[in-house]
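The tour below goes from the overall fold to single residues, one selection at a time.

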Amino acid sequence: MKSDLMKYNIILSPMITEKSTNLSALNKVTFKVSKDASKKSIRNSIEKLYKVKVIKINTVNKKDRFKFVRGKLAKQSGFKKAIVTLKEGQTIDLTTGV
């Protein structure tokens with residue numbers, strides 16, 4: 001039971017952007033993941049949740065940044081992003097829930 005909850009704590013949400021949509025043609029899917037997640041834990045979570053075979057994982061850490069919003073300085077929190085390459089012929093349908 002505890003390991004099932006860990007899978008959902010590692011994978012926070014899929015990222016639906018123009019760039020990630022273009023990457024889907026190359027059999028890649030992008031997820032927002034926990035900041036302390038390792039590539040091994042991301043691989044295990046994706047394979048268990050979506051029942052697919054993961055070939056490669058690239059991670060990107062986006063730093064915190066400050067922006068001006070309505071004339072005031074506001075902090076935009078950073079996050080960790082994982083670009084997951086799937087085995088040829090396998091896909092993840094992000095429009096349906098897990």
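Helices here are DSSP runs of H or I of at least four residues and strands are runs of E of at least two, numbered from the N terminus. Keep in mind throughout that this is a predicted model.

If you follow the chain from the N terminus, the elements run α-β-α-β-α-β-β-β-β. The C-alpha atoms fill a box of roughly 50 × 35 × 25 Å, taken along the principal axes, and of the 98 residues 30% count as buried.

Next, select Asn-27, which you will find in the loop between α2 (18–23) and β2 (28–33). Most residues other than glycine have a negative phi. Asn-27, although not a glycine, has a positive phi of about 65 degrees. Its relative accessible area is 14%, and because buried means under 20%, Asn-27 counts as buried.

Then move to Lys-51, in the loop between α3 (39–50) and β3. Lys-51 is not a glycine either, and yet has a positive phi, of about 55 degrees. Is Lys-51 buried or exposed? With a relative accessibility of 69%, Lys-51 counts as exposed, since the cut-off for that class is over 50%.

Now show the aromatic side chains and look for rings whose centres lie within 6.5 Å; by this rule the count comes to one aromatic pair. The pair is formed by Phe-31 and Tyr-50, with ring centres 5.7 Å apart and planes at 35 degrees, so the pair is described as tilted, planes under 30 degrees apart being counted as stacked and those over 60 as edge-to-face. Colouring by element shows that the pair links distant parts of the chain, as Phe-31 belongs to strand β2 and Tyr-50 to helix α3, 19 residues apart.

Finally, with the surface still displayed, select Lys-19, Lys-62, Arg-65 and Lys-67, which gather in a patch of positive charge. Within this group, Lys-62 can be traced to strand β3 (residues 54–62). Lys-62 has a relative accessible area of 43% and is therefore partly exposed, that class lying between the 20% and 50% cut-offs.

Terms used: Residues numbered from 1 in each chain as written. Predicted model: local features only at pLDDT ≥ 70, side-chain atom pairs only at ≥ 80, totals over all residues. Heavy atoms only, no water. Patch = residues over 30% accessible without salt bridge, like charges linked within 9 Å, V, L, I, M, F, W, Y side chains within 5 Å. Areas by Shrake-Rupley, 256 points an atom, 1.4 Å probe, with all protein chains shown as cover. Salt bridge = Lys/Arg side-chain N within 4 Å of Asp/Glu carboxyl O. Lys, Arg positive; Asp, Glu negative; His and termini not counted. Charge placed at Lys NZ, Arg CZ, Asp CG, Glu CD. Buried < 20%, exposed > 50% of the residue type's maximum accessible area, 1.4 Å probe, protein only. Phe/Tyr/Trp six-rings, centres within 6.5 Å; stacked < 30°, edge-to-face > 60°.
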